[in-house]
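Morning, everyone. Please look at the model on the screen while I talk. I will go from the parts of one chain to the way two chains meet.

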Number of protein chains: 2
Amino acid sequence: MRDVAIIGVGMIPWGELWEDSLRTIWTRAAVAALEDAGVDTVDLITVGCMSSGLFVGQEHLASMVADQLGMPGVPASRVESACASGSLALRHAFAEVAAGLVDIALVTGVEKMTDVDGGAATYTLGTAADQEYESFHGITFPGLYAMMARVHMAHYGTTSRQMAAVSMKNHANGLLNPNAQYHLKVSIDDVLSSTPVAEPLHLLDCSPITDGAAALVIAPIDRARDLAGRRPVVRIAGSGMATDTIALADREDLSRLRAVELSAERAYAMAGKKPSDIHVAEVHDCFTIAEIMTTEALGFFGPGEGGPAAEKGWTALDGRIPVNPSGGLKSKGHPVGATGVAQVCEIVNQLRGEAGQRQVKDARVGLTQNMGGSGGSSIVHILEVV
Amino acid sequence: MRDVAIIGVGMIPWGELWEDSLRTIWTRAAVAALEDAGVDTVDLITVGCMSSGLFVGQEHLASMVADQLGMPGVPASRVESACASGSLALRHAFAEVAAGLVDIALVTGVEKMTDVDGGAATYTLGTAADQEYESFHGITFPGLYAMMARVHMAHYGTTSRQMAAVSMKNHANGLLNPNAQYHLKVSIDDVLSSTPVAEPLHLLDCSPITDGAAALVIAPIDRARDLAGRRPVVRIAGSGMATDTIALADREDLSRLRAVELSAERAYAMAGKKPSDIHVAEVHDCFTIAEIMTTEALGFFGPGEGGPAAEKGWTALDGRIPVNPSGGLKSKGHPVGATGVAQVCEIVNQLRGEAGQRQVKDARVGLTQNMGGSGGSSIVHILEVV
């Protein structure tokens, strides 16, 4: 298996991009990554996208994006694992490069969510839950995560104020990220006084509906060294995937995210790292409770310690383990298929020392964690400067 | 890169399976493949599915299928390249095993198409074409392939009778396949007198709407030898992917399928084979003209010779190069995400000498060709007994 590195990142401003189509935002991010990498041809394109069929009536993105980039002929594929689709695009390209099947791969994620109304968007996101046993009966994602929050509160005494601290911190980070959907200072009281969506979750506990795209270029490590110039080379040290039951009703313990635990175990083992080796992380804060639960599942904190840690500022930019310096899904936005790729863009920027005002000091090892549905799938990547 | 072999196949009867859901048909095929392989755990599951979001309101199949198989925890992914999704599921699992990231992988394809009415199915299939430049304006796939047929007729003198010969041959083969959707003797006159759908294509030139699933198990070749017992070991000798423009209007020559040509070139090069080395092939006959064009693009016949070859019986079970012994998409059915996987099941059965009444004599090297949309993507695999 060959060593693989990330040689380019491409991000664009995210938001409600009503003037743009899926193909235009995708292309903008892809071109940005190719320019950052300094390459103009690739051997493979992967696209992470959850539901372009329901959102914009377009499947077969593999063909569309290769064509759109002026590269018809290039092998391309689209992958989907609900909100973890972006990380799956990286995983599959990583396997292709590691195996030696291709050299340079363009890894992308995209979702155009605002071309449909809110009801249709909610229905579409609900297809990430179990349609027959959950969604069809009317529950939506805020309700699913609210149930997990309730159990976490009951087991560990986690509070609404601790969840609100996650929102406050991620919005503070997002203020420093020019590509974030929201540039908004949010206090704990703002969160607690915002509209209840599914108790105990308020509006400001929830990530938004977003149009967005993100892209990476990866290559075998020798090629990466040639192209890097003076910039640090960022190696993919670990990649771990796992699933869990898709329906919450089938889980033994709603206060834990087993897929996150398993995917992290596999990534740590492959990288030869442990939680305390990680200097910076981007995790899947689709709801504030999700950040608390994932920081526990990743081993940054013990069970039940995620909430207090957030409230004490341990996950802030200058904390013990900075989490979601980009602003996370909460503030940067959550175009579901693009999120996992954007997480990796942020960590690469951090490890290269190119994260501007939100730079985490001396970050040399970073982690991304991206999950689908209510934790039915999770993918973790560990990156390091070599 | 490690050598990879196919150690199990699982097919189920295809058709309008109104009593079953996507998850039940998927599970039946998956269990059949695991039993055929003689394994009860896997390290990875891949699912090829074009549009479960639009067809049954369920995305996030990776989580659902791992759960459904009683294996929550196992890494899983869903891939999509329109009607080539099944072959993409094999390609991605092949890369993972070849790289050494996993050992045993369950490769599956599924589509549940009859839970919606015909109009919705036609709309959903249309999302494989360019939504903005083609589908939105009203054209559907019979129309797109009819345009290709018209150009092929104009360039080469290809006739409706030659296309009908493809349908007759594939229905004859399907009569010998207990899993085929149709068991129907069809004559050339039956085809020519069937309802025109999009001239020059008649109803019996078109593949049907089908519910179906198929599955494979793959492993590193050493493991495959251990598990094979007295059965032949079938190695994946070549794997080639390519794209083309998604919209027909952007192509230089509608009488050629460039993505098929390119994907075949890559697969032949990797396998060290040429067209004349192939003993049996399953190709993507979504319409009869598609079989004629793909047999040319694969190099079995020269440009314009595909039609006469079909009429002369060169692609029949006892012909020079038997094509679609399973009955092809035309007779076996075309559950879009499952088709590519089922093609590989058929070739493995042929190479193992387990194809029953439709066994091709002395078949030791086989090929599958699976494409998305109007040839916007194509994937070719070459298998051989080792």
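A definition to begin: two residues are in contact if their C-beta atoms, placed from the backbone, lie within 7 Å. Now the ground rules. This is a predicted model: local features need pLDDT of at least 70, side-chain atom pairs count only at pLDDT 80 or more, and totals for chains, interfaces and linings use all residues. Residues are numbered from 1 along each chain as its sequence is written, while chains are lettered from A and ligands numbered from 1 in the order in which they are written.

Domains, then. Their bounds come from an automatic or database domain assignment. For chain A it gives domain 1 (4-117 + 210-228) and domain 2 (129-206 + 237-385). Their C-alpha centres lie 23 Å apart. How many residues of domain 1 of chain A are in contact with domain 2 of chain A? The count is 35, and they meet 32 residues of domain 2 of chain A. On that side of domain 1, H4(A) gives the largest share, 8 residues. Helices (H or I, at least four residues) and strands (E, at least two) are DSSP runs, numbered from the N terminus.

Next, the two chains. Chain A goes onto chain B with an RMSD of 0.0 Å, by a turn of 180° and a shift of 0.0 Å along the axis. That is the relation of a two-fold axis. The superposition is by least squares on the C-alpha atoms of residues with pLDDT of at least 70 in both copies.

Here, 51 residues of chain A are in contact with 50 residues of chain B. Again H4(A) gives the largest share of the chain A side, 6 residues. Why do we say that the copies meet through the same surface? Because 96% of the interface residues of chain A are also interface residues in chain B.

Strands cross the boundary too. E3(A) and E3(B), residues 76-80 of chain B, pair in the antiparallel sense over 3 bridges. Pairing needs at least two bridges found by DSSP. Glu80(A) has Arg78(B) as its bridge partner.

Last stop: H10(A), residues 258-271. Its 14 residues should span 20 Å at 1.5 Å a residue, and its end C-alpha atoms are 20 Å apart, which agrees. The expected span is 1.5 Å times one less than the number of residues. After H10(A) comes Gly272(A), with a positive phi near 65°.
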